[in-house]
Amino acid sequence: DEGLDCVAPILTEKTPVPTPTKNTTPSYTFTSTEAGVITYGGDCSSVTTAATAGDNTITFNALAEGTHSNCTITVTDTALNVSTPLAVTSFVIDTTAPVITVPADITTNTTDSFGKSLTYTATATDVVDGAITPVCTPVSGSTFPIGTTTVTCNATDAAGNSATPASFRIIVLQPINGGWSEWGVCSATCGGGTQTRTCTVPASVNGGLACAGESTQSCNTKS
C-alpha cells in the first residue's frame, strides 16, 4: 500500500575498534540510514539500544581478552524492517603486558681507564605481538665505566601494555697487580735462618699479575 515503509535500514561501519587494544570496553561507530532499535550479536553487547539516522557511536560492554570476530549489529526501524546484520571488523583485546628477559649480571676486566665497550642481549615476548625489542638504558654496545652500572630495560606492546621493567648490572673491573710486603723477621739471629714476605701490598685481583720473585729467602747466614 502507498505510504507503507518496506525499506530496511542500511548500516555501514564508520570507525572500527582499534586493534589490538587494551580497552575492554572499546567504542565503535556505525552509520544507519534510519532510526531504530539496535540488536547485538556474537561477543558484543552494549547498553545503547537506540540508533539514530546518521552516525552512532556505541561503547561495547566489557569484553574478554582475545580475538572478537563474530560481533554483529542489527537495526530494526519503527515499521519493523530489519537491517542486514553489520559485521563488526575483527579486533583483539590485549590486556597482558610483555615479559622482559635480561641476562645475569656481567663482570669483566679492562686495563683501559675509560672503561670497556660491551654488548648484551635482552628480549621481550608478548602473548599477542610475539617477540618485542625492549628499550634498554644504557644501550648494548655502550662503553661502561669502571665500577658498577645498572642497565634497565622496558617494553610496551602494540596495545599499550607496559612490561614490568627489568634490570641487571654490568661490573667493569681494573686488574690490580700484586705487590710484595716487607720481609718479615728472620727466623734466627745467627747461623742462618729464613724470612718471608707476602704478595699482599696490594694483593693481585681482577686478573692482575702475581708478584715476581720468591716469597722466602735466607737471612743472618753468618756464624
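A disulfide is taken here as a pair of cysteine sulfur atoms within 2.5 Å. By this rule the structure, which is a predicted model, holds 4 disulfides. Residues are numbered from 1 along each chain as its sequence is written, and side-chain values use heavy atoms, with hydrogens and water left out. Because the model is predicted, local features need pLDDT of at least 70 and side-chain atom pairs count only at pLDDT 80 or more, while totals for chains, interfaces and linings use all residues.

The link of C44 and C71 is right-handed, with 70° about the S-S bond. C44 lies in the loop between strand 3 and strand 4 (50-51) and C71 in the loop between strand 6 (66-68) and strand 7, so the pair ties together parts that are 27 residues apart in sequence. Strands (E, at least two residues) are DSSP runs, numbered from the N terminus. Both C44 and C71 are buried, where buried means under 20% relative accessible area, exposed over 50% and partly exposed in between (1.4 Å probe, protein chains only).

C186 and C219 are also joined by a disulfide, at 1.8 Å from S to S. The link of C186 and C219 is right-handed, with 90° about the S-S bond. Since C186 lies in the loop between strand 18 (166-173) and strand 19 (193-196) and C219 in strand 20 (residues 216-219), this pair ties together parts that are 33 residues apart in sequence. C186 is buried at 16% relative accessible area, and C219 is buried at 8%.

A further disulfide joins C199 to C211, with an S to S distance of 2.0 Å. The link of C199 and C211 is right-handed, with 80° about the S-S bond. C199 and C211 both lie in the loop between strand 19 and strand 20, so the pair ties together parts that are 12 residues apart in sequence. C199 is partly exposed, at 24% relative accessible area, whereas C211 is buried at 15%. With the bonded cysteines of the chain numbered in sequence order, the pairing is 1-2, 3-4, 5-8, 6-7. The sulfur of C190 is too far for a bond, because the closest cysteine sulfur, in C186, is 9.6 Å away.

In soluble globular proteins, nonpolar side chains tend to be buried together. A nonpolar core is a set of buried Ala, Val, Leu, Ile, Met, Phe, Trp, Tyr and Cys residues joined through side-chain atoms within 4.5 Å. The largest such core has 18 residues, of which Y28, F30, I38, I58, F60, I73 and F91 touch the most other members. Two or more residues each come from strand 2 (27-32), strand 3 (36-41), strand 7 (72-76) and strand 9 (91-93). Contact means heavy atoms within 4.5 Å. Beyond four places in sequence, the contacts of F91 include C44, F60 and C71. A second, separate core of 16 residues includes V151, C153, A155 and F168.

Two strands pair if DSSP finds at least two bridges between them. An open sheet of 3 strands has the order 1-2-5, with antiparallel pairing. Strand 1 (11-15) and strand 5 (54-59) are at the edges with a single partner strand each, so one side of each is left without a neighbour in the sheet. Strand 2 and strand 5 run antiparallel and are joined by 6 bridges; T29 has T57 in strand 5 as its bridge partner.

Conventions:
Helices (H or I, at least four residues) and strands (E, at least two) are DSSP runs, numbered from the N terminus.
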